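Colleague: Hi! Could you walk me through this model in plain words?
Modeller: Happy to, let's look at it together.

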Amino acid sequence: MGLFVYAKDSEGKIFVDSVLNSMFWKECTLIVRMTEPLVRVLQIIDNDDRLAMGCLYEAIHSAKEKMLRRFQKRRIKVQAFPDIINNRWDG
């Protein structure tokens with residue numbers, strides 16, 4: 001049975017095609033690897049202790065650096081993510 005039970009209507013077929021597509025999973029991996037440093041920052045922020053702004057700034061800076069290091073060979077593809085962080089941080 002599995003996923004194919006839901007493939008009876010057109011939306012189900014589109015979903016199954018997406019999930020079975022290897023490019024879908026490559027993109028999912030890219031997203032997880034890219035956002036993991038930011039999730040770590042959120043975990044730091046979500047504790048009961050009050051952080052100094054300097055600690056938060058350092059955590060964000062460190063996360064951006066990790067993101068860029070992980071994707072040095074594909075920097076152009078992922079540069080939008082640190083740019084978004086910079087725009088939000090500076091705005």
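**How the helices pack**

Modeller: Helix 2 and helix 3 cross in a right-handed way. Right-handed means that the near helix is turned clockwise from the far one by less than a right angle, and left-handed means anticlockwise. Helices here are DSSP runs of H or I with at least four residues, strands are E runs of at least two, and both are numbered from the N terminus.

Colleague: Before we go on, what kind of model is this?
Modeller: This is a predicted model, where local features need pLDDT of at least 70, side-chain atom pairs count only at pLDDT 80 or more, and totals for chains, interfaces and linings use all residues. Residues are numbered from 1 along each chain as its sequence is written, and side-chain values use heavy atoms, with hydrogens and water left out.

Colleague: Thanks! How many helices and strands does the protein chain have?
Modeller: The protein chain has 5 helices and 0 strands. Along the sequence, the pattern reads α-α-α-α-α.

Colleague: Back to helix 2 and helix 3, at what angle do the axes cross?
Modeller: The axes of helix 2 and helix 3 (residues 53-70) cross at roughly 165° and come within 8 Å. That makes helix 2 roughly antiparallel to helix 3. Axes are lines fitted to C-alpha atoms, for helices over the stretch in contact, and angles run from 0 to 180 degrees between N-to-C directions. Under 35 degrees counts as roughly parallel, over 145 as roughly antiparallel, 65 to 115 as roughly perpendicular, and the rest as oblique.

Colleague: Which residues in helix 2 and helix 3 meet?
Modeller: In helix 2, they include Met34, Leu38 and Val41, and in helix 3 they include Leu56, Ile60 and Met67. The residues of this contact divide into 11 nonpolar, no polar and 4 charged. Contact means heavy atoms within 4.5 Å. Ala, Val, Leu, Ile, Met, Phe, Trp, Tyr, Cys and Pro count as nonpolar, Asp, Glu, Lys and Arg as charged, and the others, Gly among them, as polar.

Colleague: And how do helix 3 and helix 5 pack?
Modeller: Helix 3 and helix 5 (residues 80-90) pack at an angle of about 160°, with their axes 9 Å apart. Helix 3 and helix 5 are therefore roughly antiparallel to each other. Their crossing is left-handed. Among the residues making the contact are Tyr57 and Lys64 of helix 3, and Phe81 and Trp89 of helix 5. That contact divides into 10 nonpolar, 1 polar and 1 charged.

Colleague: New topic: which residues in helix 1 are buried?
Modeller: In helix 1 (residues 10-20), Gly12, Val16 and Val19 are buried. They cover an arc of only 65° around the axis, which puts them on the same side of helix 1. The arc is that of the directions from the helix axis to the C-beta atoms. Buried means under 20% relative accessible area, exposed over 50%, and partly exposed in between, with a 1.4 Å probe and protein chains only.

Colleague: What's on the other side of helix 1?
Modeller: Ser10, Glu11, Ile14 and Asp17 are exposed there. Helix 2 (22-45) is included in what covers the buried residues of helix 1.

Colleague: Last one: is Glu58 buried or partly exposed?
Modeller: Glu58 counts as partly exposed, at 47% relative accessibility. Glu58 sits in helix 3. Glu58 and Val41 are 17 residues apart in sequence, and 9.7 Å apart in space from C-alpha to C-alpha.
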